Amino acid sequence: MSRAYNFCAGPATLPEAVLNQAREEMLDWRGTGMSVMEMSHRSDEFVQIAETAERDFRELAGVSDDYAVLFMQGGASSQFATIPLNLLPEGGSADYVNTGIWSKKAIAEAKRYGDVNVAASAEASGFSDIPDQASWQTRADAAYLHYTPNETIGGLEYDFIPDSGSVPLVADMSSTILSRPMDFSKFGLVYAGAQKNIGPSGLVVVAIRKDLLGKARSNTPTMMNYQVIADNGSMYNTPATYSWYLAGLVFQWLKAQGGVTAMAAVNERKAKKLYGFIDGNDFYANPIKPRFRSWMNVPFTLADESLNGEFLKGADARGLLNLKGHRSVGGMRASIYNAMPEAGVDALIDYMTEFAKERG
Ligand SMILES: *Cc1c(COP(=O)(O)O)cnc(C)c1O
């Protein structure tokens with residue numbers, strides 16, 4: 001069986017070179033006689049793997065020493081509670097921007113911990129447009145401003161970094177991290193579930209400005225306390241060692257591709273090609289305002305929804321997998337993260353062209 005093009009939104013496709021390297025190193029990591037999975041997390045070998053991964057991530061994302069980088073567990077969703085527990089003091093308030101399903105989940109969880117203000121919402125546009133920042137009702141005394149740079153399900157992506165003034169900016173970058181260069185100094189905290197652009201699910205990478213450490217509520221679970229995790233090099237307990245190792249391999253692969261600047265050029269090209277095709281063909285449509293179309297997640301609908309099943313069946317038969325849209329929105333979605341080769345997008349467009357010709 002040859003490898004298919006997997007358009008899954010997450011867990012998502014990984015670079016083939018990374019999987020091959022992991023296979024080669026599976027039984028005997030560099031002469032140690034064991035798999036990385038079987039190593040003590042305190043061993044010199046694993047500490048070297050962990051430190052290299054962190055260094056490469058910092059280099060790729062442009063994260064300075066003013067930030068702690070943490071390799072935590074529980075996915076991005078656990079951060080929805082971890083963030084207010086650490087940054088929202090009892091009786092304090094936080095601002096959130098609602099641009100879709102992931103920001104809504106973050107808002108709902110934060111509301112359990114304090115006064116949450118939805119400073120802006122994309123609801124009026126059906127989540128197809130990002131409200132102009134001039135209209136946001138942010139509060140100068142907010143503990144932080146939270147937003148979702150890329151809404152993975154809706155395919156809505158910011159093309160700017162909000163200006164939060166002196167209020168720390170918090171970003172759920174799960175599905176956009178490392179897809180293009182970003183000025184990291186604008187953020188107080190960034191988090192990303194690994195299974196889109198970094199590695200296996202379960203792992204979540206957090207970068208937090210060091211002055212924001214040490215503010216957790218007294219009843220914060222130890223495993224969710226950023227200060228504790230930072231003080232222990234993300235090894236307060238046994239970390240997700242194999243996922244951390246795989247993330248490190250992905251970072252090395254990204255560096256070999258030329259880093260995020262080179263990735264951004266490819267990502268922009270892939271996205272423009274696919275959106276251009278969709279816009280130019282009456283049979284397919286994408287509802288997002290062009291300026292805010294996601295480079296990573298491309299939802300689209302067929303003019304005749306009754307053909308959805310047939311479209312997916314034909315795609316599967318060609319090795320174009322997981323194109324079904326999220327159950328909450330229907331239609332189709334092609335996730336084209338860093339690891340999706342341009343040839344995968346070309347193959348998808350070829351199939352879509354043929355399908356529209358035959359069935360449209
Ligand atoms: C996938 C995703 C999540 C959830 O990640 P889990 O690791 O499953 O908790 C949260 N936010 C965004 C933007 C995502 O894409």
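Let's start at the ligand: one of its oxygen atoms sits 2.4 Å from an N or O atom in the side chain of threonine 152. I'm calling that a polar contact, meaning a pair of N or O atoms within 3.5 Å; inside the protein, one atom must be able to donate a hydrogen and the other to accept it, and residues adjacent in sequence count only if both atoms are side-chain atoms.

Before I go on, a word on the model: it is predicted, so local features need pLDDT of at least 70 and side-chain atom pairs count only at pLDDT 80 or more, while totals for chains, interfaces and linings use all residues. Residues are numbered from 1 along each chain as its sequence is written, and side-chain values use heavy atoms, with hydrogens and water left out.

Back to the site. Aspartate 172 has a polar side-chain atom 2.6 Å from a nitrogen atom of the ligand. Lysine 196 places a polar side-chain atom 2.7 Å from a ligand oxygen atom. Overall, the protein covers 88% of the 390 Å² of accessible area that the ligand has on its own, with areas from the Shrake-Rupley method and a 1.4 Å probe; for residues, only the protein chains shown count as cover.

Who is in the shell? There are 13 residues around the ligand, and the closest are Ser77, Thr152, Asp172, Gln195 and Lys196; a residue is near if one of its heavy atoms lies within 4 Å. By class, the shell holds 3 nonpolar, 8 polar and 2 charged residues. Here Ala, Val, Leu, Ile, Met, Phe, Trp, Tyr, Cys and Pro are nonpolar, Asp, Glu, Lys and Arg are charged, and the others, Gly among them, are polar. Helix H3, residues 75–87, gives the most to this shell, with 4 residues. Helices (H or I, at least four residues) and strands (E, at least two) are DSSP runs, numbered from the N terminus.

Now for strand E8, residues 169–172, where we find leucine 169. Is leucine 169 buried or exposed? It is buried, because its relative accessible area is 1%, and the cut-offs are under 20% for buried, over 50% for exposed and partly exposed in between, with a 1.4 Å probe and protein chains only. Leaving out residues up to four places away in sequence, the contacts of leucine 169 include Leu145, Tyr147, Ile161 and Phe187, where contact means heavy atoms within 4.5 Å.

In the loop between E8 and strand E9 (189–193) sits leucine 178. Leucine 178 has a positive phi of about 65° although it is not a glycine, and it counts as buried because its relative accessibility is 4%. Arginine 30, in the loop between H1 and H2, also is not a glycine, yet has a positive phi of about 45°.

Last stop, helix H7. At 1.5 Å a residue, its 21 residues (259–279) should span 30 Å, and the end C-alpha atoms are 30 Å apart, so the two agree; the expected span is 1.5 Å times one less than the number of residues. Among the buried residues of H7 are Val260, Met263, Asn267, Lys270 and Leu274. An α-helix has 3.6 residues a turn, so residues three or four places apart point the same way. The cover over the buried residues of H7 includes helix H2 (44–61), helix H6 (241–256) and helix H9 (342–359).
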